[in-house]
There are 2 protein chains.
Amino acid sequence: MNGSVHRVNVHVINTGSELLLGDVVNTHLSFIARAILPLGLRVARQFTVPDGPAIADALRTSFGEAQIVFVTGGLGPTTDDITRETAAELLQLELHLDADVANAITLRLAARKIELTDRILRQAQVPHGAVTLANEHGTAPGLYLAANAALHGKSPHLFLLPGPPRELQPMFKTGVLQILKRIAPPQEQIDFQTFRLAGIGESVIEKKVGPQILALEGVELGYCARPAEVDVRIIGPSSSVKKAARILDREFQSSIFTSTGESLEMVVIRLLTTKRALLATAESCTGGLLAHRLTNVPGSSVAYAGGYITYANELKSDSLGVAASVIEKYGAVSKQVAIAMAEGARARAHTDFALATTGIAGPAGGTPEKPVGTVYVALARENAPTKVQRFFFPNDRETFKQMATQFALEMLRQSLTAL
Amino acid sequence: MNGSVHRVNVHVINTGSELLLGDVVNTHLSFIARAILPLGLRVARQFTVPDGPAIADALRTSFGEAQIVFVTGGLGPTTDDITRETAAELLQLELHLDADVANAITLRLAARKIELTDRILRQAQVPHGAVTLANEHGTAPGLYLAANAALHGKSPHLFLLPGPPRELQPMFKTGVLQILKRIAPPQEQIDFQTFRLAGIGESVIEKKVGPQILALEGVELGYCARPAEVDVRIIGPSSSVKKAARILDREFQSSIFTSTGESLEMVVIRLLTTKRALLATAESCTGGLLAHRLTNVPGSSVAYAGGYITYANELKSDSLGVAASVIEKYGAVSKQVAIAMAEGARARAHTDFALATTGIAGPAGGTPEKPVGTVYVALARENAPTKVQRFFFPNDRETFKQMATQFALEMLRQSLTAL
């Protein structure tokens, strides 16, 4: 991903008591910040307020300081959803029932055989002059209110967006970005680019290229570390960003799986598809996450045949033909079993490649030789020796699964790029 | 989850440009909120501000409104880390070099063969009267400044904490909670309880019980909607919370899968384990998510044998013994195939139960009779007819998978509770 950055004052106001009670981690700020960066916009301030009257205070603060304000949440059907009404009141705008929205809601509910209630129809109330943003994944539309200099106190460009990420994100990528492209001021010459690396630690990257990159003129260097993945973002004058890109390429080229924002699984499915290769999976310790990640990619059925989750040893033998004697002799968590699982999966699913994982996710099941966190990843392919690697991820269960699948996908990506 | 809650005003101020650029998802709010809830404390407001002078504005705002303020970030060695200095200035406190802290930092760096610079030693500067909180995983100590009524404007209890979660979280669990236990006001009798319901919409719940519950004295009603799941939280006097619980039980008992914070998959694994029943899965459209969710539960290997991901039709026949003629006649997305998948999985994995999913996740692959979003879920069990249900989730791919697995797990949970 690359582009350039402005100095416009953007505020994000997240409403929702569930955020302040810790039930839900707020991913809106990070999503919005990344989504608007290509337009050269960055967030100056973010606030989280509970459902209810507090929204008004937050809006008043932002009205005074920001040119663009995003509000998330509080558009739903329940009594504590009052964002729409609060904004309308502050902007002194009448609410009216929007026929198109009401119609869209009615159709949506009918398709789902859900009864239409007055509460649900509240979501069709629209402030005078607001632009509605279609919600493909929920009933409440988003609302855009253009900046109003006439209003005493002068109002910013105001976007009211639904709280659920699955509703907000598609709406943002289409409706919101379209409007932002129109209202965003002309681009200064500040560029940025994001590189995603698999299987390398942030500190290693920082140590190897951090000083060199920060020595470049006007450069801002940002890291986003995920399990077995680091995003490196460079912001600065385009000449410096280009130099930084060359430095990263020189040091880590083989580990950079994208500079266009693709996920690792997307890259793997794309490579398999272009090479007309078919993949199968055999998972023990990752328990289906590998398959889940692959099948999250639209069109993955062309490249992914399916897989086996062999938690029980009997299934390793029955489903994959791993000899009971091998499990007996080396243990279910072993190089030999990982190899047999991968080769068994490839043979039975008739695919070109097969990935297998076997390990100890924990918290129980560790031994001195094979402590919790131990995992073997094997990659079988036609007419080539099966590769196997041992890793150690002494983390919580979900991080362990995420890291194991990350290294498995990276092992496959390396083989595919080498083809 | 249940307990009791105060009316103390707690603010969280997160500093860090990386948060506002979206490089890092802010997990501090959710962590702190969950950590203080058992003490009866809740967060009233949260702010994210960039590194630098903006911290002062945020602190001034909170000083006026809050009794307890947590600030994260800006304690580090770099020039834009000015939280410590900013707070000291606002509180009119001198900074001095704390010998113990300086010593701890010196030892830590020596152990890591890192050169000690003035920049790094800045982190040993401590405002007069501050309590230092040991940092097991970094150089900058946390700082606690007790509330100061004498100060003009009156200051709240102020905690300055490091930005990295791996440094903040251990410090919070030890040092911070200890102090909070001392300063937290005596518990009022305000309780809370969260009920999680599967397969029912927020608006249906709101309509059926919202008014009755809100009619109870001093009750706060909150909803958190996830795909095919709604959390209902009730906060208020314990008598009212008890009444609310009875109302919910009366209307939705069979759909409430927990009031103790368990996930649906945890409940399913617990029920299977206590009933000594074994489960297998056969997934087409959910592509491994069902297995992934089940295997996220520690100890799931006792209750979950494994499964099959049969994306390709050949695998439906090879792995599960679904007759090619049945797929031919009814289509891969059909009641008949779902049933055959579930029964095949149960037979081949030798389990008591088997869940199967087959559907069209989209975006492509829909037909007029079976549009994108159509899914069949089948549940096979010993000595009982196989159950099958058709659902329609016209959502994005990941939400579709989440909802399909949610209804599959709920179908199993219902059967298990009926046993």
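Author: Over all chains, the structure holds 27 salt bridges, a salt bridge being a side-chain nitrogen of Lys or Arg within 4 Å of a carboxyl oxygen of Asp or Glu. One of them is formed by the side chains of D57(B) and R45(A), at 3.7 Å from N to O. D57(B) lies in helix α3 (residues 54–65) of chain B and R45(A) in strand β3 of chain A, so the pair joins two chains. Helices (H or I, at least four residues) and strands (E, at least two) are DSSP runs, numbered from the N terminus. Side chains of opposite charge can pair when their charged atoms come close.

This is a predicted model, in which local features need pLDDT of at least 70 and side-chain atom pairs count only at pLDDT 80 or more, while totals for chains, interfaces and linings use all residues. Residues are numbered from 1 along each chain as its sequence is written, chains are lettered from A and ligands numbered from 1 in the order in which they are written, and side-chain values use heavy atoms, with hydrogens and water left out.

The interface of chain A and chain B has four salt bridges across it by this rule. On the side of chain A that touches chain B, the residues divide into 33 nonpolar, 25 polar and 20 charged. Here Ala, Val, Leu, Ile, Met, Phe, Trp, Tyr, Cys and Pro count as nonpolar, Asp, Glu, Lys and Arg as charged, and the others, Gly among them, as polar. Contact (heavy atoms within 4.5 Å) involves 78 residues of chain A and 76 residues of chain B. Between them the chains bury about 6000 Å², 54% of it on carbon and sulfur atoms; buried area is the accessible area (1.4 Å probe) that two parts lose on being put together, summed over both. There are also 30 residue pairs in polar contact between chain A and chain B, both residues at pLDDT 80 or more. A polar contact is a pair of N or O atoms within 3.5 Å; within protein, one must be able to donate a hydrogen and the other to accept it, and residues adjacent in sequence count only if both atoms are side-chain atoms.

Strand β3 (residues 43–49) of chain A and strand β3 (residues 43–49) of chain B run antiparallel and are joined by three bridges; two strands pair if DSSP finds at least two bridges between them. In this pairing, F47(A) stands opposite F47(B).

Within chain A, the domain assignment gives domain 1 (10–183), domain 2 (191–258) and domain 3 (264–418), with bounds from an automatic or database domain assignment. Nine residues from domain 2 of chain A and 10 residues from domain 3 of chain A make the contact between these two. Domain 2 and domain 3 of chain A bury about 770 Å² between them, 62% of it on carbon and sulfur atoms. P227(A), A228(A) and F257(A) lose the most area on the domain 2 side, together 59% of what that side buries. Zero salt bridges are counted between domain 2 and domain 3 of chain A.

Some backbone details remain. The peptide bond joining G362(A) and P363(A) is cis, with omega about 5 degrees, and P363(A) is in the loop between β16 (353–359) and β17 (374–381) of chain A. Q92(B), not a glycine, has a positive phi of about 55 degrees.
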